[in-house]
Amino acid sequence: MTGQPSPLDPDEKVDLWRQRFFEAQAAAEEFVLGEHGEAGLTAWIRANSRITAALLRAQRPAGVSATDHFMTRLHRQLLLYDSAVTSERQPSGTVLRNTDCGILRYRRKAARAGVVLTLSSPCTYCQPLHETIAARYLDPDVRVSCVRAGDGCTWRAESHVPGEETDGSPHRGRAGG
């Protein structure tokens with residue numbers, strides 16, 4: 001090897017951080033499932049959601065609702081992987097549409113490059129994690145739901161009157177777990 005490597009340009013830095021995060025996440029998935037099985041994955045999601053909800057509470061900008069903060073964070077996280085994601089305000093709340101999940105695309109690319117993936121889909125971790133974060137962080141009248149479709153998903157964060165019935169199994173804010 002001769003000399004020092006040349007500095008990374010901004011796009012190379014983004015790609016490298018993405019790769020390193022993916023490697024750490026894949027290693028954690030392999031370890032947790034290998035050592036503790038599905039119960040370990042559930043416990044990991046609970047611990048991660050507790051830590052993330054506390055961080056969100058500490059970082060929430062003044063004047064921004066917890067719901068807007070949560071949905072903006074989710075939107076930006078999906079953008080980190082170049083997902084095709086849009087957010088739309090509706091009278092009952094916010095709808096985030098992820099029509100082409102960059103995390104899923106990135107994992108497929110890694111698998112084609114020979115990376116052995118522990119989870120069959122990132123949704124196995126991502127969806128319960130974010131639903132559990134929402135349950136810990138959002139107000140009790142806010143319900144968060146996610147519906148997977150094709151290579152993406154649709155997230156809804158909607159305010160409801162307590163006791164009001166809804167379809168599916170949405171997660172309410174401030175639930176235990």
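Visitor: Which residue in strand 4 stands opposite Asn98?

Guide: This is a predicted model, in which local features need pLDDT of at least 70, side-chain atom pairs count only at pLDDT 80 or more, and totals for chains, interfaces and linings use all residues. Residues are numbered from 1 along each chain as its sequence is written, and side-chain values use heavy atoms, with hydrogens and water left out. Strands (E, at least two residues) and helices (H or I, at least four) are DSSP runs numbered from the N terminus. In strand 4, the residue opposite Asn98 is Cys153.

Visitor: How many bridges join strand 2 to strand 4?

Guide: Two strands count as paired if DSSP finds at least two bridges between them. Strand 4 covers residues 152-159 and runs antiparallel to strand 2, and one link between them is that of Thr94 with its bridge partner Ala157. The number of bridges that join these two strands is 6.

Visitor: Which residue in the turn between strand 3 and strand 4 has a positive phi?

Guide: Strand 3 and strand 4 run antiparallel, with 8 bridges joining them, and Ser145 has Arg156 in strand 4 as its bridge partner. The two strands form a hairpin with 2 residues between them. The turn residue with a positive phi, of about 60°, is Gly150.

Visitor: In what pattern do helices and strands follow one another along the protein chain?

Guide: The protein chain holds 4 helices and 5 strands. Read along the sequence, these elements follow the pattern α-α-β-β-α-α-β-β-β.

Visitor: What share of the residues of the protein chain counts as buried?

Guide: A residue is buried when its relative accessible area is under 20%, exposed when over 50%, and partly exposed in between (1.4 Å probe, protein chains only). The protein chain has 177 residues, and the buried share of them is 36%.

Visitor: Why does Thr67 count as buried?

Guide: Thr67 is found in helix 2. Contact here means heavy atoms within 4.5 Å, and, not counting residues up to four places away in sequence, Thr67 touches Leu138, Val142 and Ala157. Thr67 counts as buried because its relative accessibility is 15%.

Visitor: Is Glu29 buried or exposed?

Guide: Glu29 has its place in helix 1. Leaving aside neighbours within four places in sequence, Glu29 is in contact with Trp44, Arg107, Thr118 and Leu119. C-alpha to C-alpha, Glu29 lies 9.0 Å from Tyr125, although 96 residues separate them in sequence. With a relative accessible area of 4%, Glu29 is buried.

Visitor: How much space lies in the largest pocket?

Guide: On a 1 Å grid over the protein atoms alone, a pocket is an open set of points where a 1.4 Å probe fits, with protein on both sides within 12 Å along at least five of seven lines, and lining residues have an atom within 4 Å of a point. Points are joined across faces, edges and corners, and a volume is the space filled by probe spheres set on them. The space in the largest pocket comes to about 660 Å³.

Visitor: Which residues are closest to the centre of the largest pocket?

Guide: The largest pocket is lined by 36 residues. The closest to its centre are Phe21, Gln77, Tyr81, Ile103 and Cys126.

Visitor: Which element gives the most residues to the lining of the largest pocket?

Guide: Elements that give two or more residues to this lining include helix 1 (10-59), helix 2 (66-80), helix 3 (102-112) and helix 4 (123-137), as well as strand 3 (142-149) and strand 4. With 10 residues, the element that gives the most is helix 1.

Visitor: How many residues in the lining of the largest pocket are charged?

Guide: Ala, Val, Leu, Ile, Met, Phe, Trp, Tyr, Cys and Pro count as nonpolar, Asp, Glu, Lys and Arg as charged, and the others, Gly among them, as polar. The lining has 20 nonpolar and 10 polar residues, and the number of charged ones is 6.
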